[in-house]
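Take a moment to turn the model around on your screen before reading on. Let's walk through it together, piece by piece.

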Amino acid sequence: MSDTDRSLPATRRLSYAVGHFLNDLCASMWFTYLLVFYHSVLGFHNTNAGVLLLVGQVADALCTPLIGYESDQTAGCGNYGKRKTWHLIGTLSVVLSFAFIFNQCLGCGPNTPQWASLLYFTPFIIIFQFGWAATQISHLSLIPELVTCEHAKVELTAYRYAFTVIANITVYVLAYLLFHVMSGADDDPLSDTLGPTDIVVFRNLALIVLGIGALFAIFFHLGITERPAPVAGEEAGDAEDRTRKNTEEEAADEERKLLLPGPSNRT
């Protein structure tokens with residue numbers, strides 16, 4: 001087994017590991033602060049805030065198998081590779097939608113009914129969940145494309161989840177710093193009740209998260225090269241070669257068995 005089969009160079013391992021960092025940052029903020037933001041900051045009823053969270057989880061459940069199927073069927077954009085193409089589509093969808101989720105409804109006022117705000121946020125949540133699923137599936141599907149050794153696959157998975165932990169810590173540290181800095185040095189932001197004045201804090205947190213995640217996504221796309229998918233004719237030719245080789249090996253085995261002395265040939 002060659003060194004290439006065992007593992008990737010350190011720079012490529014790092015490039016792969018940070019490819020899911022944007023998703024991890026957004027997921028940490030989604031599951032930790034979504035209900036807090038919509039209920040305590042925007043003033044949504046508990047039911048309406050839960051409906052938005054449910055819409056996102058249902059969209060994720062529907063998009064994940066569909067994207068998994070389509071990413072296997074499509075050839076990708078030119079020589080870019082089908083996995084990296086879907087990863088790029090997912091990254092752009094997340095970047096373009098996530099900032100609107102943690103912000104005030106554009107054009108909405110105090111008298112705007114909550115059902116109108118729900119209709120406003122729902123498309124952004126669906127686009128975000130579509131992009132999140134596309135990035136996650138394509139990133140995981142790249143592992144067998146990059147390495148063939150089981151040890152190397154486990155290694156890449158471990159690096160990937162290490163950056164998941166780093167992403168969670170990063171979001172919590174950023175939130176803590178933003179609340180302290182934007183609330184003033186003399187106030188204790190942890191004891192204050194959240195309200196509409198904190199919209200700017202969550203908006204800035206979302207923008208910082210997107211900025212950091214986008215930089216790591218660029219590093220991923222520049223550092224990882226996906227092997228081009230084989231053409232249908234080449235794939236069929238390889239299958240025929242394997243079949244012919246197996247047939248020849250079986251014929252050779254039968255011939256050796258005939259040449260070996262059996263019980264009936266012994267005197």
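What follows is a tour from the overall layout down to single residues.

A word on ground rules: this is a predicted model, where local features need pLDDT of at least 70, side-chain atom pairs count only at pLDDT 80 or more, and totals for chains, interfaces and linings use all residues. Residues are numbered from 1 along each chain as its sequence is written, and side-chain values use heavy atoms, with hydrogens and water left out.

Start with the big picture. The chain has 10 helices and 0 strands, where helices (H or I, at least four residues) and strands (E, at least two) are DSSP runs numbered from the N terminus. Of its 267 residues, 40% count as buried; here buried means under 20% relative accessible area, exposed means over 50%, and partly exposed is in between (1.4 Å probe, protein chains only). Now think about contacts, meaning heavy atoms within 4.5 Å. If you take those between residues at least 6 apart in sequence, 79% join residues at least 24 apart.

Next, find helix H4, which covers residues 46–73. Its 28 residues reach 41 Å from the first C-alpha to the last, close to the 40 Å expected at 1.5 Å a residue (the expected span is 1.5 Å times one less than the number of residues). Where does H4 have its kink? Look at Cys63, shortly before the proline Pro65: the kink there is about 25°, taken as the angle between axes fitted to the seven residues ending at that spot and the seven starting there. Cys63 is also one of the buried residues of H4, which include Leu52, Ala59 and Ile67. These buried residues pack against helices H3 (21–41), H5 (82–101) and H6 (114–141).

Now for the charged side chains. The structure holds 4 salt bridges, each a side-chain nitrogen of Lys or Arg within 4 Å of a carboxyl oxygen of Asp or Glu. One of them joins Arg13 and Glu155, with the closest N and O atoms 3.8 Å apart. Arg13 sits in helix H2 (residues 10–17) and Glu155 in helix H8, so the pair ties together parts that are 142 residues apart in sequence. Both partners are buried.

Another one links Arg83 to Asp72, at 2.9 Å between the closest N and O atoms. Because Arg83 lies in H5 and Asp72 in H4, this pair ties together parts 11 residues apart in sequence. Arg83 counts as buried, at 7% relative accessibility, while Asp72 is partly exposed at 43%. Along with Glu145, these two are linked in a network of salt bridges.

Finally, head over to helix H8, residues 150–183. Lys153 and Glu150 form a salt bridge at 3.6 Å, and they are separated by about one helical turn because they are 3 residues apart in H8. What does Tyr176 form together with Val165, Ile169, Val173 and Leu177? The five make up a nonpolar patch on the surface, with about 470 Å² of accessible area together. Patches are made of residues with over 30% relative accessible area and no salt bridge, joining like charges within 9 Å and nonpolar side chains (Val, Leu, Ile, Met, Phe, Trp, Tyr) within 5 Å. Tyr176 itself counts as partly exposed, at 45% relative accessibility.

Technical notes. Areas by Shrake-Rupley, 256 points an atom, 1.4 Å probe, with all protein chains shown as cover.
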